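Hi everyone, thanks for coming along. I'd like to walk you through one chain today, so please have a look at it with me.

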Amino acid sequence: MTISGSWVLSGAQSYSTISLAENAALTLQGSAPSTETITFRAGALLVLESASSFSAELLNFSKGNRVDFSEVFYGTGATISTSGN
């Protein structure tokens, strides 16, 4: 799935890949999508609101890209893991 402009996804979602176009914004509400890869372009924004779980590899994530966790609430045992080059 390719996101351009500003999108909000709610409810159960399942995509193997999500591509965020330049300056695109994707807000995830409810159950976050079961996604293997998210590719970012310049200025892309991923916002996780009340997502209960989220697992994906972020590709091309660099200066100018953002992931906003400000509205995510985690229970005990929650893990946020990042890695990169």
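**Strands side by side**

Strands here are DSSP runs of E with at least two residues, numbered from the N terminus, and two of them pair if DSSP finds at least two bridges between them. Within this pair, Leu9 sits opposite Leu28 of strand 4.

A quick word on the source: this is a predicted model, where local features need pLDDT of at least 70, side-chain atom pairs count only at pLDDT 80 or more, and totals for chains, interfaces and linings use all residues. Residues are numbered from 1 along each chain as its sequence is written, and side-chain values use heavy atoms, leaving out hydrogens and water.

Now, in what order do the strands of the open sheet come? The order is 2-4-6-8, 4 strands with parallel pairing. At the edges are strand 2 (6-9) and strand 8 (66-68), each pairing on one side only. On average, neighbouring strands of this sheet are turned by 15° against each other, direction ignored; the axes behind that angle are lines fitted to C-alpha atoms, and angles run from 0 to 180 degrees between N-to-C directions.

Stepping back to the chain, we have 8 strands and 0 helices. Of its 85 residues, 32% are buried, meaning under 20% relative accessible area with a 1.4 Å probe, protein chains only. And for contacts (heavy atoms within 4.5 Å) between residues at least 6 apart in sequence, 6% join residues at least 24 apart.

Definitions and conventions
Buried means under 20% relative accessible area, exposed over 50%, partly exposed in between (1.4 Å probe, protein chains only).
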